[in-house]
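Here is a short report on the side chains of one protein model. Keep the structure open beside the text as you read.

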Amino acid sequence: MIPAISLSTNIAVTTNITATSTPKAHKHKRPLDSTLKSLTKAGKLGEALRVIESSPSKSVVSEPDLEAYSLFLHSCISRKSLEHGQRLYLHLLLSRDKGNYDLLKNPTIKTKFITLFSVCGLIDEALGVFEDGLEHELVPESVWVAMAIGFSKNGHSKEALLIYCAMLSRLVQPGNFAFSMALKACADLCELRVGKAVHAQIIKCNEETDQVVNNALLRLYTECGCFDEVLRVFEEMPQQNVVSWNSLIAGFVHRKQVFESLDTFRRMQGEEIGFSWVTLTTVLPVCSQLTVLNSGKEIHAQIVKSTRKPDVPVLNSLVDMYAKCGATDYSRRVFDGMQSKDLTSWNTMLTGYAVNGCLQKAMEIFNEMVECGIRPDAVTFIALLSGCSHAGLTDEGQRLFNKMKKNYGLSPSVEHYACLVDMLGRAGRIKEALEVVKFMPMKPIGSIWGSLLNSCRLHGNVSLGMWGNVKIVRDMMERRGMKKEAGCSWVQIKNRIHTFVAGGGFEFRNSAEYKKVWNQLMDAMEEIGYVPNTGVVLHDVNEATKSIWLCGHSERLATVFSLIHSSAGAPIRITKNLRVCVDCHTWMKIVSSVTRRVIVLRDTNRFHHFRGGACSCKDYW
């Protein structure tokens, strides 16, 4: 006995029905003329339908050629030919009314009509086919599942699950086909309780679980955040395919275990599982987040070698990966090579230029997309306004902000107002920024107040000598168990990612190779006249201690490590989880000059491209 599943509902599904068996048709079946099959296979559905409609009426006991009708409906489904399907359905209804053989009772034909109407978006018509005769017939699993899939594909996952529950109430034994459908609906709804009940049914079922069901279980537990169950199901599967590995990778990403997700992808490749485009659209954002350009390039190489043509989402992810690794030239090559682009493609390229400080190129992309008839959206303007803010183009940014509503009918959101406030504040126009906050049509969010405070700090409107108050705040944070996020930076050397924490890395800092490179850098810097800016250390300690602490900032450790372990002249790419401090920014500029290296530093705000003693941000960030 299958355990019952309860689910609240607002739609009626008939369940208290006495099932009766369908009388067996007599075996006097006369095959429809082979012309019908030939025309159907040739795609000539109109001519095939005319053959059906003009054929002589069959007697009550004469069953039409089921295979021919099934083939015809299959062709209608694959071509989404609603008109031909509707005409056939009407023909069969009229034939039934004349007392001829009722082909609509046949589960195969019934299932195909439900599927046809569902894929064409006519869910009510599909439901009508499903309910026709439901009270008097023993409906097999295939028909119930077809109706549930129809609901699911049209965005009605709850109704799909209700169909499954109604099927159980009719004592129809579910199999793998029904299980996979029910689990998909549970995953779409994040219905963990019902999903676990279905899992219990699967375990009690005599039928051996197939890979589709196991993959559906993986997706359910991934969507519901139950990663222990994901691992358990994955390890217990007799064999895993690409979909299984995709679910495992997505599970790690869902838990923000990005390093583990990348390792799992490498393990997947090592076992020669292959990949799907879904795999790559999951892994490429991980490469973007970690700024691991080498790994991203390896994936790009696999795309190029693939015999399949990459879809637009994969190429969008590739454009994004290169941009977020600071390699906008590569981004543009992929973007220009795309045969078709959607709005996301344009926004991704535009945002990539903006965060890398190439605002002129971002504006060129914006103008080009408008000329191509692509209508910009809210994301487009967030990228442009943020870019203007970091580039100091306040007037241009205000002009774009005003164009949103006037030219494109877009009402600015709180994120757009945050960009405007930040833009005005960075330019020292703090009173104007406050006016924007005062009259904006929604409540300010935390980032807006943070932008104002940062602007005040930049322009000397906040005193930094309030150590008593600083201590009070720190003590309060400690009592409440709150901790300031530690500065962390990482670099990729070959295929390994190396992480550094501010004040850490004692073994590395005490090594002979570190001391040699560090001393060479400091000697060169002293000749140039570099003096540490200890004002960025917000602790009440002496100047000597502040200077020592600055030496231990994570981005400096990552830079020295890269100088030691990368080939001469190779660009250095560093990612930091916090905003780079003023002194580290100065330090990086000098290092790029004395080592003749390009250093690309990505912090939480933007990219900094250090080259020959200068930064792409022009010291405005």
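## Aromatic pairs

Rings of Phe, Tyr and Trp (its six-membered ring) pair if their centres lie within 6.5 Å; planes under 30 degrees apart count as stacked, over 60 as edge-to-face and the rest as tilted. The whole structure holds 19 aromatic pairs. Take Phe500 and Phe561: their centres are 5.2 Å apart and their planes make 55°, a tilted pair. Phe500 lies in strand β2 (residues 496-501) and Phe561 in helix α30 (residues 554-565), so the pair ties together parts that are 61 residues apart in sequence. Helices (H or I, at least four residues) and strands (E, at least two) are DSSP runs, numbered from the N terminus. Both Phe500 and Phe561 are buried. Buried means under 20% relative accessible area, exposed over 50%, partly exposed in between (1.4 Å probe, protein chains only).

Tyr514 and Trp518 are stacked, because their ring centres are 5.8 Å apart and their planes are at 15°. They sit four residues apart in helix α28 (residues 512-528), about one helical turn. Both Tyr514 and Trp518 are buried. Ring pairs join Phe500, Phe508, Tyr514, Trp518, Phe561 and Trp587 into a cluster.

## How the model was read

This is a predicted model: local features need pLDDT of at least 70, side-chain atom pairs count only at pLDDT 80 or more, and totals for chains, interfaces and linings use all residues. Residues are numbered from 1 along each chain as its sequence is written, and side-chain values use heavy atoms, leaving out hydrogens and water.

## Salt bridges

A salt bridge is a side-chain nitrogen of Lys or Arg within 4 Å of a carboxyl oxygen of Asp or Glu. The whole structure has 16 salt bridges. One of them joins Asp320 and Lys324, with the closest N and O atoms 3.4 Å apart. Both residues lie in helix α17 (residues 312-324), four residues apart. Lys324 is partly exposed, at 33% relative accessible area.

Asp583 and Arg556 also meet in a salt bridge, at 2.4 Å from N to O. Asp583 lies in helix α31 (residues 582-595) and Arg556 in helix α30, so this pair ties together parts that are 27 residues apart in sequence. Asp583 and Arg556 are both buried. What links Arg96, Asp102 and Asp132? A network of salt bridges does.
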